[in-house]
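Open the model in a viewer and keep the selection tool at hand.

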Amino acid sequence: MIAPPHPTPHTPTYTHTGGTLGRQPFRALATAAPAVASAAATAAAVPVAIVEKAHGFTLQRQQYVKEYGSHVLLYKHDKTGAELISVLNSDLNKTFGVVLRTPVDDSTGIPHILEHSVLCGSRKYPIKEPFVELMKSSLNTFLNAFTYPDRTCYPVASTNTQDFYNLVDVYLDAVFHPRCVSDRRVFEQEGWHFELDSKEEPLTFKGVVFNEMKGVYSSPDSRFYRIVQQALFPDNTYRHDSGGDPEVIPDLTFEQFQQFHAKYYHPSNARFWFYGDDDPVKRLALLDAYLSEFERREVDSSVETQKLMHTPRRVTEHYAAGDGEEGEQKAYVGVSWVLSDTPLDVETELALGFLDYLMLGTPAAPLRKALNDSRLGAAVIGGGVDDDLKQPCFTLGLKGVDPADADKVEALITSKLEELAVSGFSASAIEAAVNTIEFSLRENNTGSFPRGLSLMLRAVGAWIYDRDPFTQMQWEDALSSFKSKLASGQDVFGPLIRSFLLDNRHRVTVQLLPDPALAAATEAKERARLEAVRGTMQDEQLEAVVENTSALKELQETPDPPEALACIPALQLSDIPPTITKVPTSSKALADGATLLAHDLFTNAVLYLEAAFDLRPVPSRLLPLVPLFCRSLTQMGTSSESFVELTERIGRKTGGISIYPFTSAVRGKEQPVAYIMVRGKAMSGKFGDMLDLMRDILLTARLDDRQRFTQMVAETKASMESGIISGGHSYAGKRLAAQRGLAGVLSETMGGLSYLEFIRGLAKKIETDDGWQEIKSDLEAIRSALLQRNGAIVNMTADSATLAAAEGPVSDFLSALPASSAALSSQSLTSSLLLPRTNEALCVPTQVNYVAKGANLFLDAGYELNGSAYVVEKYLGNTWLWDRVRVVGGAYGGFCSFDSHSGMFTYMSYRDPNLLDTLEAYDGSADYLRSLQLTKDELTKAIIGTMGDIDAYQLPDAKGYSALVRHMLGVTDEERQIRRDEILSTSNKDFKAFAEAIECVRGAAGRVVAVTSPEKAKAVLEERPDFWDVKKVL
Ligand SMILES: [Zn+2]
């Protein structure tokens, strides 16, 4: 890991294309979901030469889209009828995508298994996994694939033109000529197969997608959203699960799989996308080379429309819960509508987006607030409008509900909607919504997700249903017409609420109830099925399965020969700039030891600002309370305004303010850094308003709203309890880091299992008046310890004129804060806070495991950091661990992470069917590294792949933020250059040196923490008594 771990700031973002239903498309890789924000900065039209006919394509339409400063061209391929949108602009971060319509008529997960499988070798790239080779060796800024309920997307991105073309070529060959349709083994590996190591052992199912989906089906949140979708769409393809139901996946045959590819993976059923500053004619040539082999064909892949029904319905189902001793498991209750069975016009879509934001967009929004205030449940689910599918839906509800209160949730939602339809929204709420949405559209800040892909997903949302993709990109006219309607005082929202929700009878109420017996029952059902199959097998059939198992493993374990790997195009080391990219930074010392950092970058008239306050003066017993303290600052109002008024002021004046703790180890020091980060953005004309807001929040925020605080505790508890089931690896990793370093202790205390335990205690404590008094005074104690300008760091990113103008107001802001009478108390964290060094099983109801093992290379192996560590870490993750844990083991993910600040090295697996086998794979890592003798080409590829991470594309705010983090951690540009030189000169010797370092993880220093089921934790103890402490979490 290059960047220090830090929490993602939660800035309110208007996500038009982001599915609020909570559905995420299935991905080839286990990665976090991209935060897809909307549109862009405007720029003047630059005249470009537009080619009307070339390489078998004919231009159909073209338009300059000012919202994105882009020429958008729609072409048709003459021979096959394939459509292409070619976007011309100056964005270096070039993107490509191919999207196929892939509706399903069962839940065997064909499109999902195919999405994984086509990336496993193709005609021109006949190796096991070209996708993995690209991960190792390309400079990509994005490389993954998504399966939606009705389509499959293959997107890539890169800022380097040659690299970009390489990625495009590998993806096109993969989609149209994959090995998986002729080689059954790929289907078995990615989909499912019977596994049997010897005739005496029990038969099992294995497969990457099979286990990925077991993980998904273990999560009650995913289960809820799946049931909602199936209940809303009983008559079309959405009633099935395109990702695959683990109980149905083994019904899929290889022949069905082949037929699906033959039918849908055809140019006549494909839509292509290019975006960025590359040559627009070359795009046509690249595509034609693939498409011209095919003949045009009618492909029936249209998605049927679900007719709206006239009678509301109810569905009750169950989810696998723990036995309820620890967190009391309760019901999920939600109400959902399909909003329309005819396409909506752009202005109606925009109006619904505004309505959604006004009702639910912030914790102060009336519908969200009503649900929170009702105390009927722990956390809001659903989250409103979802427009990812052919027909928009709306879902809202609560989780953590007493089943007896289920009807109350529905009644509350309906009555609040009735009330809003009559009363409408206040002028200040509307003004805040308009500013927030407009800011987000114009800023077009998609974070690390490429802007071109965000735009593609937006356009595809219409294009894939044969609607006009251009209108999705042109929001400016609709926005201004909508704003003038609002200004005229017309009742815009009342009729929307009535027609789309209250009067709409296509409504489903879903109740999901906890069932502590379900997890074991599901396991038993699978075992019975396997035993039944085994019972029907003759001896020779069993032998065939054993043989197949070992043949598949052997194939998986045999590396591609170097000559074959050479087919993957790669860059040269000379394509990599030898020197680091510096972020322009000026640093100025202010009074009382405060520092002002400024980064002069073009930001399109937005000022990005972080104010960081040292956490060291806060006593360690209060640290677990810090995350809730941060939230309280903006969620209880100030001395002069209510919570709602404060939220609206933030919305009117800024693009969002977020407050969160930041912690990291510092290399060579025992004490970590810890700050409270106050982060905001505003148009350059409004930065004074933003600083006023920050000052008011810090100085006068109320910290005494017991009801709001109770809700926040309940929400935190609910979200952590679902997080440990769906992402247990991060909890396991934090647990290990907290045994070996104080930075690890901080992050465990404020975000790991210890934090969850603290939150559970807090939920009880707050119920008594005395308890609440104590909490309140603790919150105030944190504020007074923290709130001092001494040692504060203010970091600004904007153009030079804005920076110069902001300097005065920043000084005023700091002088309004108290100065500490003493110098910053440098109270230290003591090593008594470290967790005891043990192996632990953290038990939850789940069908899969998350297995972590780690040690500290600085402390346990005396390792001294060398830049080559980044190269070896990445290589190990993409070869040995990928092959053993994912390909052979059948886990969705297997990787390692090295924190170069703390020295912590951790292996982790994700949605893993194995436990002890995975540990064995980890333990083989050092020997594997020692056995390597990489050729010059292989080394070059590994180095280039690492440089792609080091030089990751960043928007200006991210550049400024990274510079701030480096300042806090004392990482200088000189040191960055040394690491870069070390990376670029990585040799076989470095691989061996790193092998020696990680030997300590296999040895006495290594510890294991796994999130697993109680049955599996126990099974391990039977095999290896005293292996670990078993801790019941859920
Ligand atoms: Zn997947």
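Begin with helices H24 and H25, whose crossing is left-handed. A crossing has this hand if the near helix is turned anticlockwise from the far one by less than a right angle, and is right-handed if clockwise. The model is predicted: local features need pLDDT of at least 70, side-chain atom pairs count only at pLDDT 80 or more, and totals for chains, interfaces and linings use all residues. Residues are numbered from 1 along each chain as its sequence is written, and side-chain values use heavy atoms, leaving out hydrogens and water.

Select residues 728-740 for H24 and 742-749 for H25; their axes are 6 Å apart and the packing angle is about 140°. Helices here are DSSP runs (H or I, at least four residues; strands are E, at least two), numbered from the N terminus. Axes are lines fitted to C-alpha atoms, for helices over the stretch in contact, with angles from 0 to 180 degrees between N-to-C directions. H24 and H25 are therefore oblique to each other; under 35 degrees counts as roughly parallel, over 145 as roughly antiparallel, 65 to 115 as roughly perpendicular, and the rest as oblique.

Now show the side chains of Lys 734, Arg 735, Ala 737 and Ala 738 in H24, with Gly 744, Val 745, Ser 747 and Glu 748 in H25: these make the contact (heavy atoms within 4.5 Å). They divide into 3 nonpolar, 2 polar and 3 charged. Nonpolar covers Ala, Val, Leu, Ile, Met, Phe, Trp, Tyr, Cys and Pro; charged covers Asp, Glu, Lys and Arg; the others, Gly among them, are polar.

Next, select H20 (626-635) and H21 (643-653), whose axes come within 8 Å and cross at roughly 90°. That makes H20 roughly perpendicular to H21. Leu 633, Thr 634 and Gln 635 of H20 meet Phe 643, Leu 646, Thr 647 and Ile 650 of H21, a set of 4 nonpolar, 3 polar and no charged residues.

Move to H11 (406-423) and H16 (493-502), packed at about 150° with axes 7 Å apart. H11 and H16 are therefore roughly antiparallel to each other, and the crossing is left-handed.

Finally, colour the chain by domain: domain 1 (53-301), domain 2 (313-448 + 458-514), domain 3 (593-820) and domain 4 (836-1032), with bounds from an automatic or database domain assignment. Which domain does domain 1 touch through 25 of its residues? The partner is domain 4, with 26 residues in the contact. The centres of domain 1 and domain 4, taken over C-alpha atoms, are 29 Å apart.
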